[in-house]
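Have the sequence and the model open as you read.

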Amino acid sequence: MTDPRLDVLCIGNAVVDVIAAADDAFLTAEGLDKGSMRLIDEAEATRLYAKMGPGREISGGSAGNTAAGIAMLGGRAGFVGQVAADQLGEVFAHDISSIGVEFTTPVLTDVSIPSGRVLIFVTPDGQRTMNTFLGVAQRLNVEALDEDQVRDAAILYLEGYLWDPETPRAAMKRAIEIAREAGRKVAFTLSDSFCVDRHRDGFSDLIDSGRLDILFANEAEIVSLTGESDFDAAVASAASRVPLLVVTRSEKGAIAVENGRRVDVPAEPVAAVVDTTGAGDLFAAGFLTGHAQGRSIEESLRMGAIAAAEVISHYGARPEADLRALVAEKLG
């Protein structure tokens, strides 16, 4: 097995995050449930976008945010995701590449479906209300994979959100095969409890087949996956099925279980929670970077907590402080 060229290759929905401030009155007027995430069609995306105040447009998506975080932590990251030949596709490609993430997925030109976007309204209490039009992101196919790129990554990281459509699901399954044949590690994030509800059997088959080395989840997702109402019972159940389980718990910190050994770390202190967008994604970035660097489980969890704390202290899912400096200051 050759030395990997990349630390982590992430596969997920390639969408542009459009983030703007909003008040509760706006959400009420638009019939939006604060803190929710809903899928919308192109017409609704166009209508809501026209009503948004001044905002920021950056490359997003769960796995895309994780890849960005890895690069900003000094890791060697790659991302695989589908965009179209349009303005938002150009925004996505330029933005994610500009921070050092390797993004070489061919643009899809033979469809009329536009690139995906997430319209995010952030209220003064830090809650984000997300309206997602996935667009062409759901058209990622096996042919879009660069098999050498998959083989050249120490860890393949897959986003559960992309499991919904059959075409990208087939691409992810093929990527898993390539990574395992190359002796690389495979990590998977459950993404959302509703996603687990939709694909519990498929996710369980993936876990129980032994094709995963690392499973990421939050409290709601691990409870949904296992059917256990008690958190500790859910952790014990899931941990027996995967070599390394990592579970985030918001303000209660995070835990990891490897070979029966459980490690708990507290959340990093933050002066004020401004916007929780990307907290789980950046936690995964910190943990995966630490793991790729050969750090202990404890230090990898701490790196995840440091990255998550930084990103919730301001608007958007992209770190604004120097993550490498923060980690060096706290962990050395």
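This is a predicted model: local features need pLDDT of at least 70, side-chain atom pairs count only at pLDDT 80 or more; totals for chains, interfaces and linings use all residues.

Residues are numbered from 1 along each chain as its sequence is written, and side-chain values use heavy atoms, leaving out hydrogens and water.

**Salt bridges**

- Across the whole structure, a search finds 28 salt bridges, each being a side-chain nitrogen of Lys or Arg within 4 Å of a carboxyl oxygen of Asp or Glu.
- Arg5 meets Glu102 in one of them, at 2.5 Å from N to O. Glu102 lies in strand β6 (residues 102–103) and Arg5 in the segment before β1 (6–11), so this pair ties together parts that are 97 residues apart in sequence. Helices (H or I, at least four residues) and strands (E, at least two) are DSSP runs, numbered from the N terminus.
- Glu102 is partly exposed, at a relative accessible area of 23%.
- Glu320 and Arg56 also form a salt bridge, at 3.6 Å from N to O. Since Glu320 sits in the loop between α11 (297–311) and α12 (323–331) and Arg56 in strand β4 (residues 55–60), the pair ties together parts that are 264 residues apart in sequence.
- Glu320 is exposed, with a relative accessible area of 52%, while Arg56 is partly exposed at 34%.
- A network of salt bridges links Glu30, Arg38, Glu44, Arg47 and Lys51.

**Aromatic pairs**

- A pair of aromatic rings is described by the distance of the centres and the angle of the planes.
- The search of the whole structure finds nine aromatic pairs. Rings of Phe, Tyr and Trp (its six-membered ring) pair if their centres lie within 6.5 Å; planes under 30 degrees apart count as stacked, over 60 as edge-to-face and the rest as tilted.
- Phe79 and Phe103 have ring centres 5.9 Å apart and planes at 35 degrees, so the pair is tilted. Phe79 lies in strand β5 (residues 77–80) and Phe103 in strand β6, so the pair ties together parts that are 24 residues apart in sequence.
- Phe79 and Phe103 are both buried.
- Together with Phe92, Phe79 and Phe103 are linked into a cluster by ring pairs.

Conventions:
Buried means under 20% relative accessible area, exposed over 50%, partly exposed in between (1.4 Å probe, protein chains only).
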